[in-house]
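User: Please go through the labels used for this model with me, and set each value against the cut-off that decides it.

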Amino acid sequence: MSLENHAEFKLSITKALGDQLADALKELTPAPLSMENIRSLRSLPGVYQLYKDEDLVYVGKADRSLPQRIEKHFRKISGRTNISLNQMTFTCLYVDEDFGAVAPERLLINEHRGQGQVPWNYNGFGNNDPGKRRDTTEVDEGHFDREHPIDLDFKLTELLTQRTSADVTVPLSLLLQETKTHLPYVFRYQASREFDDIAVELPSAEATADEALRVIAAQLPDKWQITALPGYVIMYPKAEDYPSARRYYRNTGVVDVWQQ
């Protein structure tokens, strides 16, 4: 009879932490993803979970402020189609800053991924502006931007709120800046000094994104083009085709190229 007096033992501290985080979040009741609930949070670092129709779809972290980070998701979802903020809820945990070194959100992702959850952690939902090099790539089926493209009918209710009754026109540069600020998705464009000297008529007080882009495009110099891609909008002094383009805006008119 052979007896062993030694063996291997692996202590998985990270696994234990992941289990504790997941258990702590399970004790919480998801709250509607609303600005009222977001602003009730303390401005502290932590981890959070997003639910769509009660399904856990995304896990994230905030290195400095949970409400600031979650508000970005609120704005993003508010400007998308095929989804409603009424479908979304969230939970969150304040986590000590010193805990950041162990990547708490990664522990939670690993915990839930094996159960077929958190699909938005792998479909581009959390991405910011992907950069110019991604403009010409094809957006894959299943990508968040493909399933929930930007809403071009989003109302820009705060656009140029400082206007007066005497305002009739503004410089194109100002309208571009204001539109970029109030859109709930990325509007990346190349600035030009000549835009300061181009006067444009103000859109209506409750113009949609599409209406504002049409006003802008109508006054653009030749060869300039605004392109609405699935996840964001770009504007450059070159009229070219993009594989995933939804709509082109030019001074010659608007062309729809992709319908969901």
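User: Why is F125 called buried?

Analyst: F125 has a relative accessible area of 1%, and the label buried applies under 20%, with exposed meaning over 50% and partly exposed in between (1.4 Å probe, protein chains only), so F125 counts as buried. This is a predicted model, in which local features need pLDDT of at least 70 and side-chain atom pairs count only at pLDDT 80 or more, whereas totals for chains, interfaces and linings use all residues. Residues are numbered from 1 along each chain as its sequence is written, and side-chain values use heavy atoms, with hydrogens and water left out.

User: What makes the pair of F125 and F144 edge-to-face?

Analyst: Rings of Phe, Tyr and Trp (its six-membered ring) pair if their centres lie within 6.5 Å, and planes under 30 degrees apart count as stacked, over 60 as edge-to-face and the rest as tilted. The centres of F125 and F144 are 4.9 Å apart and the planes stand at 70 degrees, so the pair is edge-to-face. F144 is buried as well, with a relative accessible area of 0%. In the whole structure, the search finds seven aromatic pairs, and ring pairs link Y48, Y58, W120, F125 and F144 into a cluster.

User: Why can the pair of F125 and F144 be said to tie together parts that are apart in sequence?

Analyst: F125 lies in the loop between α4 (104-113) and α5 (144-147), whereas F144 is in helix α5 itself, so the pair joins parts that are 19 residues apart in sequence. Helices (H or I, at least four residues) and strands (E, at least two) are DSSP runs, numbered from the N terminus; the protein has seven helices and 11 strands.

User: How do you know that the charged end of K76 sits over the ring of F125?

Analyst: The test asks for NZ of Lys or CZ of Arg within 6 Å of the ring centre and within 35 degrees of the ring normal. The charged end of K76 is placed over the F125 ring, 5.2 Å from its centre, and R113 likewise lies over the face of Y122, at 4.0 Å from the ring centre.

User: Why are F187 and Y189 called tilted?

Analyst: Their rings are 5.2 Å apart, centre to centre, with 45 degrees between the planes, an angle that is neither stacked nor edge-to-face, so the remaining class applies. F187 is buried, with a relative accessible area of 1%.

User: How do you know that β8 and β9 pair?

Analyst: Two strands pair if DSSP finds at least two bridges between them. Strand β8 (residues 225-228) and strand β9 (residues 233-236) have four bridges in the antiparallel sense, with V233 as the bridge partner of A228, and a hairpin of four residues joins the two strands. β8 also pairs in the antiparallel sense with strand β10 (residues 247-250) over three bridges, where I226 stands opposite Y249. Q225 and T227 point one way from β8 and I226 and A228 the other way, yet all are buried.

User: What makes up the largest nonpolar core?

Analyst: A nonpolar core is a set of buried Ala, Val, Leu, Ile, Met, Phe, Trp, Tyr and Cys residues joined through side-chain atoms within 4.5 Å. The largest one holds 28 residues, of which L172, F195, I216, L220, I226, V233 and M235 touch the most other members. The elements giving two or more residues to this core are α6 (172-182), α7 (209-218), β8 and β9, and α7 gives the most, with five residues. Apart from this core lies another, of 20 residues, among them Y48, L50, I77 and F144.

User: Which residues is V233 in contact with, beyond its neighbours within four places in sequence?

Analyst: With contact meaning heavy atoms within 4.5 Å, V233 touches I150, Y185, V186, F187, R188, L213, I226, T227 and A228.
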